[in-house]
Every structure is written in C-alpha cells, then in structure tokens.
Amino acid sequence: MNTDAPWPDLYEAEARVLKIQTKLHQWAIDDPRRRFDDLFNLVTDPAFLVVAWDRVRRNRGARSAGVDGVAPRSIVFGEETFLTGLREDLKARRFVPLPVREKLIPKKSGKLRGLGIPTARDRTVQGALKLVLEPIFEADFKPCSYGFRAKRRAQDAIEEIFFYATHSYEWVLEGDIKSCFDEISHVGLLDRVRDRVGDKRVLSLVKAFLKAGILGEDQVLRDTVTGVPQGGILSPLMANIALSVLDEHFMGAWESWGGTYGRNRRRAKGLANYRLVRYADDFVVLLTGTQEHVEALRAEVTTVLAPMGLCLSEEKTVITHIDQGFDFLGFHIQRKRKQGTQRRTLYTYPSKTALAAVKAKVRVLTQGNTNQSLADLLQRLNPVLRGWANYFRHVVSARTFDYLNAFSWRRVVNWLRHKHPRASWTWLRRHYLPGWRPTDGKMMLLNPTTIRIIRYRYRGTHIATPWTRADDKGVA
C-alpha cells in the first residue's frame with residue numbers, strides 16, 4: 001500500500017481508513033492464523049493520523065493535559081505541523097512515549113482509582129494504533145464479550161443474560177477481577193498480541209506504551225511493571241485482548257458440546273452447562289446445574305486468568321441464584337412471582353445503586369448556586385435525566401422513572417424557593433410553574449416518564465462490526 005500520500009482532509013481520511021480496516025478485518029477472518037506484517041506504515045499513514053487526531057480532539061478528555069502540560073484542545077493552530085512532526089518522529093524511530101499523568105478519582109467503595117492521562121502526542125499515536133489493531137483482533141473476539149467493542153452495548157449483555165436465564169440457566173457466578181487494569185501481565189499480553197502482529201516496530205510501540213511509567217499526583221515517577229493505565233485510548237483494546245483468554249476458554253467449551261442436542265445430553269447425565277457474559281472486566285457465568293458445579297467453575301476461572309497475572313476478588317466474587325437476583329452494569333436481574341398469578345417471571349430493573357447515583361447527581365446540581373438562572377440549571381440537569389432514562393428505557397422502569405420525575409421536580413422547586421425566599425407560592429407558580437413543570441418559558445424540566453419504554457431486541461451472536469462486508473466476496 002502507498003502510504004506516502006499528502007495530508008488528506010477528514011472526510012477523505014475516514015473513507016481511506018474504513019477501506020483499509022475492512023480489508024484487515026476480512027483478512028483476519030479468512031485466515032485465523034495469519035500474522036500481520038508491515039502494519040507500522042499504516043500507523044504512520046497520514047489518513048490514520050488525521051482520524052486519530054480528530055478523535056483525540058473531539059473527546060471530552062481533550063481538555064486534560066498530560067505531563068507536558070499541553071491539552072489537545074489547546075492545539076488550535078498548526079495542527080498539520082503537529083502531525084507532520086509526529087509522523088517524522090515515528091518514521092525515524094525517535095518517538096518515545098512519555099509517562100502518563102495520574103489522576104485519582106473516588107470509587108463507589110470509597111477507595112481511589114488511578115486514571116492515566118497521556119500527552120496529546122501519545123494519545124494520537126495510541127489512536128492510530130487502535131485504528132490498525134482493532135479490526136484485526138475484533139475478528140478473533142468471541143460473541144460473549146460486549147465492553148469497549150464497536151456496535152456492542154451494555155443492553156446486549158443484559159439481553160443475553162435474560163435469554164439464558166429464561167432457559168433454565170439459574171445459577172450465577174458474579175465475577176470481579178481484582179485490580180484488572182493494574183495487574184495485567186505485560187508478558188502474557190504481548191504474547192497474545194504477537195499471535196496476530198508480526199511487525200516488530202508495532203510491537204515495540206505497544207510495549208513502549210505499556211512501560212511508559214506513571215507520574216503520580218505526589219510527583220513521584222513510578223515504573224509500570226504490570227497493567228495498562230486506565231484513561232489511555234489503547235488501554236480498553238489491550239484489556240480485551242488480555243481478557244479474551246476467558247472468552248476463548250468458555251466459548252471453546254460451549255462449542256465443543258455440539259449445540260442444543262449436546263447440551264441436553266449433558267443435562268440428562270447430571271453435568272453442568274454454562275455461558276459466559278462479559279463486559280470489560282465485569283462478567284457473569286450463567287449455569288444449569290447445582291451450586292457445587294458453580295463452586296468448581298469458580299476455581300476453573302481462577303486457573304484460566306492466572307497466565308495473564310489476574311485473579312478473582314474473593315470478597316466480591318459471589319454465587320447467586322436467579323431467584324435471589326443480582327446487579328450487573330447498573331441493572332438488577334431477578335426472577336419473582338408475577339403479580340396476580342402463580343407464574344414466576346424474570347424481570348430486569350434499574351438497580352438501587354444506579355438510582356442512588358443519579359439522585360446524587362441531581363442533588364449536586366440543585367444544591368446551592370442560586371445565582372444561576374433556571375435555564376442554566378435545566379441545561380445541566382436535563383441531559384443527566386435524559387441520559388439515565390435512555391440507558392434504562394429497555395427494561396421494567398416505569399415506576400422508577402415516575403419516582404425520578406417526582407424527585408427531580410421536588411429538587412428543582414425547592415431550589416426555586418431558595419432562589420426567591422420572599423416570593424409566595426402563587427408568584428412562583430405564575431412565573432415558573434404554569435403547567436406544574438418548572439420552566440423559564442423556553443426550556444422545561446425533563447419528565448423521564450415521557451421517554452418511551454421499549455424492550456431491547458436480543459441480537460444473538462451475530463452482531464455486525466463496522467468492517468463487516470455485505471457480501472462474501474473478497475475485498476478488492
């Protein structure tokens with residue numbers, strides 16, 4: 001391929017990148033053992049760098065700077081000079097990733113999670129690497145994983161759980177990998193990358209990013225012996241490559257049983273059938289059998305993860321029956337008796353933890369700061385309510401939406417009463433609540449109950465990628 005073309009505009013670059021990605025993806029599907037050489041020229045290709053830089057610039061993290069103090073969004077003029085210098089350094093092998101800047105954020109448990117913020121140059125190169133490597137490894141990824149994969153959503157994972165739980169997969173192993181992103185073995189990860197990538201220059205780049213180090217908030221530079229820093233563009237893909245050992249193990253067993261007939265024969269013999277559903281480093285294993293079978297499966301998972309330097313969290317990895325219910329990706333899944341009947345039905349709801357999280361956001365937005373206008377408050381509050389409701393609009397959430405509507409209404413009305421402490425209720429109603437919905441005349445408080453609830457369609461194992469061809473013919 002000729003990669004010495006001049007700098008294209010974004011439209012031309014995206015078209016070229018998609019065309020090459022489609023070829024890479026199809027070649028990887030056609031030959032599962034193929035190792036790809038000469039990928040480095042694609043990483044330095046102007047089209048790939050232009051697309052990577054555009055995604056870096058449009059990302060919300062573009063306002064955050066790395067250790068060099070330069071935020072991507074601050075690079076307004078001289079973008080072509082920036083990319084030209086970066087490309088020349090890559091081609092001359094002068095490019096060396098800088099350490100990531102650590103940013104500690106609180107977790108739900110009260111502990112702190114470290115995010116690694118790369119420099120603008122490093123983010124662009126990681127973005128180009130991801131554009132080249134993702135179509136190749138996507139051909140190998142199994143259908144049971146959903147996190148950080150193109151065209152796949154959390155709702156797909158929930159619907160797969162719903163499908164199998166309604167087909168007698170009643171025992172659940174809720175898996176939690178201890179410090180997954182921090183403990184991934186570099187040796188194990190690079191071995192898996194080498195299975196598909198034969199270009200030593202690309203492998204050196206990947207290794208350099210893994211070994212770049214972390215500059216902590218205490219300004220102490222620490223080496224990265226294991227793990228992939230959370231926050232990097234390349235990190236989710238690297239984590240999926242590492243955790244695919246789990247997918248391959250479980251899907252290999254699933255496929256070896258020989259379809260529905262084989263699984264029914266196993267059940268008749270008293271053997272367990274099981275199905276993995278994974279979203280990034282969160283996963284559940286659904287099982288037909290007994291609790292003893294699940295205990296044995298837990299030990300099996302530990303053995304599979306060991307070569308990648310990973311292990312299960314003893315306190316967070318639990319065994320549950322579907323009648324007890326469990327939380328996954330913000331949803332609560334439980335089988336219970338349907339009201340008015342003796343029939344037991346499986347339900348998926350927004351979890352109490354997810355509801356508490358959105359209520360906390362509403363509280364923060366409506367607490368104090370009465371100097372702002374109602375329009376400013378609604379401009380910040382409505383996207384929170386809309387995003388949360390859209391995420392949960394495919395499950396049994398009507399009552400939850402009604403509760404959230406009442407809660408957000410009370411919070412906004414109380415905020416208005418604090419903003420106008422001397423105003424009467426009649427005055428407030430006339431100015432802000434003409435139809436009992438808080439409004440400034442142009443913008444109104446979103447009512448979550450107006451968002452239509454539709455059951456999500458289970459898409460099975462055949463979810464198309466952005467690089468899937470419409471026909472089976474070879475790529476020209």
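1. The buried residues of helix α15 (residues 398-419) pack against β11 (344-350), α13 (352-365), α14 (374-391) and α16 (425-432), where buried means under 20% relative accessible area, exposed means over 50% and partly exposed lies in between, with a 1.4 Å probe and protein chains only. The residues of α15 that count as buried are Thr400, Phe401, Leu404, Asn405, Phe407, Ser408, Val412, Val413, Trp415 and Leu416. Helices (H or I, at least four residues) and strands (E, at least two) are DSSP runs, numbered from the N terminus. The end C-alpha atoms of α15 are 31 Å apart, which agrees with the 32 Å that its 22 residues should span at 1.5 Å a residue; the expected span of a helix is 1.5 Å times one less than its number of residues.

2. A word on the basis of these points: this is a predicted model, in which local features need pLDDT of at least 70 and side-chain atom pairs count only at pLDDT 80 or more, while totals for chains, interfaces and linings use all residues. Residues are numbered from 1 along each chain as its sequence is written, and side-chain values use heavy atoms, with hydrogens and water left out.

3. Helix α6 (residues 154-165) reaches 17 Å from its first C-alpha to its last, close to the 16 Å expected for its 12 residues at 1.5 Å a residue. This helix is mostly covered, with 10 of its 12 residues buried, and the buried set consists of Ala154, Gln155, Asp156, Ala157, Ile158, Glu159, Glu160, Ile161, Tyr164 and Ala165. Gln155, which lies in α6, is buried with a relative accessible area of 5%. When residues up to four places away in sequence are not counted, Gln155 touches Phe331, Tyr391, His394 and Tyr456, contact meaning heavy atoms within 4.5 Å.

4. Two packed helices are described by the angle between their axes and the distance between the axes. For helix α4 (residues 79-91) and helix α5 (residues 120-138), the axes come within 11 Å and cross at roughly 70 degrees; axes are lines fitted to C-alpha atoms, for helices over the stretch in contact, and angles run from 0 to 180 degrees between N-to-C directions. The two helices α4 and α5 are therefore roughly perpendicular to each other, given that angles under 35 degrees count as roughly parallel, over 145 as roughly antiparallel, 65 to 115 as roughly perpendicular and the rest as oblique. The crossing of α4 past α5 is right-handed, a term used if the near helix is turned clockwise from the far one by less than a right angle, anticlockwise being left-handed. On the α4 side the contact is made by Phe82, Leu83, Gly85, Leu86, Asp89 and Leu90, and on the α5 side by Ala120, Arg121, Thr124 and Val125. By class, this contact of α4 with α5 has six nonpolar, two polar and two charged residues, with Ala, Val, Leu, Ile, Met, Phe, Trp, Tyr, Cys and Pro counted as nonpolar, Asp, Glu, Lys and Arg as charged, and the others, Gly among them, as polar.

5. Helix α5 also meets helix α1 (residues 10-30), and here the axes come within 7 Å and cross at roughly 30 degrees, again in a right-handed crossing. In α1 the residues concerned are Val17, Gln21, Leu24, His25 and Ala28, which meet Leu131, Val132, Pro135, Ile136 and Glu138 in α5. The residues of this contact divide into seven nonpolar, two polar and one charged.

6. Not counting residues up to four places away in sequence, Arg298 touches Leu173, Leu312, Ser313, Glu314 and Thr317. Val318, in strand β8 (residues 318-321), is partly exposed at a relative accessible area of 33%, and, leaving aside its neighbours within four places in sequence, is in contact with Val172, Leu173 and Glu174.

7. Ala280, in the loop between β6 (273-279) and β7 (282-288), has a positive phi near 60 degrees and counts as buried at 8% relative accessibility. Asn369, in the loop between α13 and α14, has a positive phi near 50 degrees and counts as partly exposed at 46% relative accessibility.
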